[in-house]
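Trainee: I'd like to learn how to read a model like this one. Can we go through it feature by feature?

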Amino acid sequence: MKFVLAFVALFAFAYAVPVPNKDAQTLRYDNDHGVGGYSYAVETSNGIQQQEQAELRNFGPETSAIVVRGSYSFTADDGQVYTVNYIADENGFQPEAAHLPRA
């Protein structure tokens, strides 16, 4: 259940962020959906890139969940490109980036 909440929160955050260039074009979109998982990659003309892979894993006889790994990058108002790598698994959403504080 924690994973589902973290996954929903991630997408809610991603859709809530204002897009500075609403006329950006999609330059690349790849996706592959299978029985045991999925993967996709997106690149837009305003410099946004995102890629993600997921697989269904069993954590016990009655427990399974989707484990997600991915990253996204964007150019901020200050002109710097920010990249976030993340994992979402049985331990929750775990982002890593140079601009994020470490625990």
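Trainee: Which strand is E96 found in?

Mentor: E96 is found in strand β6, residues 92–96. Helices (H or I, at least four residues) and strands (E, at least two) are DSSP runs, numbered from the N terminus. Before we go on, this is a predicted model, in which local features need pLDDT of at least 70, side-chain atom pairs count only at pLDDT 80 or more, and totals for chains, interfaces and linings use all residues. Residues are numbered from 1 along each chain as its sequence is written, and side-chain values use heavy atoms, with hydrogens and water left out.

Trainee: What does E96 touch, not counting residues up to four places away in sequence?

Mentor: Contact means heavy atoms within 4.5 Å. On that basis E96 touches T83, V84 and N85.

Trainee: How much of the chain is buried?

Mentor: Buried means under 20% relative accessible area, exposed over 50%, and partly exposed in between (1.4 Å probe, protein chains only). Here, buried residues make up 20% of the 103 residues in the chain.

Trainee: Let's take one residue, then. Is A54 buried or exposed?

Mentor: A54 has a relative accessible area of 11%, so it is buried. This residue lies in strand β3, residues 49–60. Leaving out residues up to four places away in sequence, A54 touches G36, G37 and Y38 as well as I66, V67 and V68. A54 and G36 sit 18 residues apart in sequence, and their C-alpha atoms are 8.3 Å apart in space.

Trainee: Which residues make up the largest nonpolar core?

Mentor: The general idea is that in soluble globular proteins, nonpolar side chains tend to be buried together. A nonpolar core is a set of buried Ala, Val, Leu, Ile, Met, Phe, Trp, Tyr and Cys residues joined through side-chain atoms within 4.5 Å. The largest one here has six residues: Y38, Y40, A54, V68, Y86 and A88. Strands β2 (37–44) and β5 (81–89) each supply at least two residues of this core.

Trainee: What about S71, is that buried or exposed?

Mentor: S71 is buried because its relative accessible area is 13%. You'll find S71 in strand β4, residues 63–75. Beyond its neighbours within four places in sequence, S71 is in contact with Q49, Q50 and Q51, and also with V84, N85 and Y86.

Trainee: How many salt bridges does a search of the whole structure find?

Mentor: A salt bridge is a side-chain nitrogen of Lys or Arg within 4 Å of a carboxyl oxygen of Asp or Glu. The search finds two. In one, D30 joins R28, with the closest N and O atoms 3.3 Å apart. D30 is partly exposed at 41% relative accessibility, and R28 is partly exposed at 37%. R57 and E55 form a salt bridge too, at 3.0 Å from N to O. R57 is partly exposed at 29%, as is E55 at 39%.

Trainee: Where is E55 found, and what is it in contact with?

Mentor: E55 is found in strand β3. Leaving aside neighbours within four places in sequence, E55 is in contact with G36, G37, A65, I66 and V67. E55 and I66 are 11 residues apart in sequence, with 5.4 Å from C-alpha to C-alpha.
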